[in-house]
Amino acid sequence: MSDMLSTQARKATEFARDEAVRLCHDYIGTEHLLLGLIKQNESKVIDALNATDIVIDDLRTSIEEVVSPSSGDTMTMGQIPLTHRSKKALEVAGQEARTMKSELIEPEHIFLALLKDKEGVACQILSMYAYDYKDAYEAITGIQSPEPRGERVEFPIAESVIKLFAKAREEATRLGNSMIGITHFVLAIIQMPNDPAFEIIQVARVNFEELKTALENLVSVDDNHEFRTDLKNRKVRMFIPEEKPDPKYTKMVGGIMINAYRVARNRKYTEINTTSLLLAILENTTLHSTRLLNRHGLNFELATQQVMAAKLRK
């Protein structure tokens, strides 16, 4: 596979290794490959991201916040192995190259491959910016993506989600935060005892007071470091039920709402509801809020089982 890499693609993988060393990691994950790709100032990857007004420095910071440097004085020597996902990404990049009739794997083929792995860290981070494979493919090739886009505009948002947005805004204001992020939404959910999303969290038998305190402590290291969502972005805007001057929503909110839409469609819901929103949060394991919920006993698998059980009881 390495002999198929173009000079530019090979340089990107070298940058990925450098990023792993800099972050004191003993592996090269999809997040390092993404860092390596955006380290090249001139490439189709940069052009594709710029086409949607994503600020590269913002993206780089978001990646570094999610995959923070290892603690301690870790030293990395010799060859650093690729993770299974990174190896798979390079294999898929080869398929992308062949599909686009290229003899060599270019950086853009690696980028497209990263976006196809929806469980990979790189793809999950990009989803926070409401950026997906279709966006990249169309920007790189100039033609419509072969993957169906779907009718997102006509998909309604449940009244419970609108109430959740209002409650999240209250939480951000109460805590003196300048932006509304995912943590505020989780804080809002655990204060809505009659909501189905609350009942899902309740299954994990968490101590709600302890969880509330932990979430409030998390706000200072989580959402204040996220970047503002661009409500002029039509794809994001259609999923934000309100827009007020302050506080503003973070990019993660826009990305999670789009993922909540996907969850709702896959589960054949008639609208984006609080259940689909919570599942979208739990599905993205790069979020600090999700990691905190995991530590308190709630994960995506358990939540999914609860949703299925509730459906059977009806």
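View 1. Helix 12 (residues 208–219) runs for twelve residues and reaches 16 Å from its first C-alpha to its last, close to the 16 Å expected at 1.5 Å a residue. Expected span here is 1.5 Å times one less than the number of residues, and helices (H or I, at least four residues) and strands (E, at least two) are DSSP runs numbered from the N terminus. This is a predicted model, in which local features need pLDDT of at least 70 and side-chain atom pairs count only at pLDDT 80 or more, while totals for chains, interfaces and linings use all residues. Residues are numbered from 1 along each chain as its sequence is written, and side-chain values use heavy atoms, with hydrogens and water left out.

Which residues of helix 12 are buried? They are F208, L211, K212, L215, L218 and V219. These cover an arc of only 125 degrees around the axis, which puts them on the same side of helix 12; the arc is that of the directions from the helix axis to the C-beta atoms. Buried means under 20% relative accessible area, exposed over 50%, and partly exposed in between (1.4 Å probe, protein chains only). On the face turned away from the buried side sit the exposed residues E209 and N217. The cover over the buried residues of helix 12 includes helix 9 (159–174), helix 10 (182–189), helix 11 (196–203) and helix 16 (288–295).

**View 2. The way into helix 12.** At the start of helix 12, a side-chain oxygen of N207 comes to within 3.1 Å of the backbone nitrogen of E209. R205 is in the loop between helix 11 and helix 12. Its phi is near 60 degrees, a positive value in a residue other than glycine. For background, most residues other than glycine have a negative phi. R205 counts as exposed, at 77% relative accessibility.

**View 3. Helix 2 against helix 6.** Two packed helices are described by the angle between their axes and the distance between the axes. Helix 2 (residues 30–38) and helix 6 (residues 107–116) pack at about 145 degrees, with their axes 10 Å apart. Axes are lines fitted to C-alpha atoms, for helices over the stretch in contact, and angles run from 0 to 180 degrees between N-to-C directions. The crossing of helix 2 and helix 6 is left-handed. The contact is made by T30, L33, L34 and L37 of helix 2 and by P107, I110, F111 and L114 of helix 6, contact being heavy atoms within 4.5 Å. As for handedness, a crossing is left-handed if the near helix is turned anticlockwise from the far one by less than a right angle, and right-handed if clockwise.

View 4. Nine of the ten residues of helix 6 are buried, so it is largely enclosed by the rest of the structure. The buried set is P107, E108, H109, I110, F111, L112, A113, L114 and L115. What covers them includes helix 1 (7–22), helix 2, helix 3 (44–50), helix 5, helix 7 (121–127) and helix 8 (133–141). Zoom in on E108: this helix 6 residue counts as buried at 8% relative accessibility. E108 touches K44, V45 and I140, leaving aside residues up to four places away in sequence.

View 5. K101 lies in the loop between helix 5 (84–99) and helix 6. Although K101 is not a glycine, it has a positive phi of about 60 degrees. Is K101 buried or exposed? It is exposed, with a relative accessible area of 77%.

**View 6. S289 in helix 16.** S289 is found in helix 16 and is buried, with a relative accessible area of 0%. The side chain of S289 makes a polar contact with the side chain of T183 (2.8 Å). A polar contact is a pair of N or O atoms within 3.5 Å; within protein, one must be able to donate a hydrogen and the other to accept it, and residues adjacent in sequence count only if both atoms are side-chain atoms. S289 and G181 are 108 residues apart in sequence and 9.8 Å apart in space, C-alpha to C-alpha.

**View 7. Helix 14 and the residue after it.** Helix 14 (residues 251–266) should span 22 Å with its 16 residues at 1.5 Å a residue, and its end C-alpha atoms are 23 Å apart, which agrees. Of those 16 residues, 13 are buried, so helix 14 is largely enclosed by the rest of the structure. Just after helix 14, K268 takes a positive phi of about 60 degrees.
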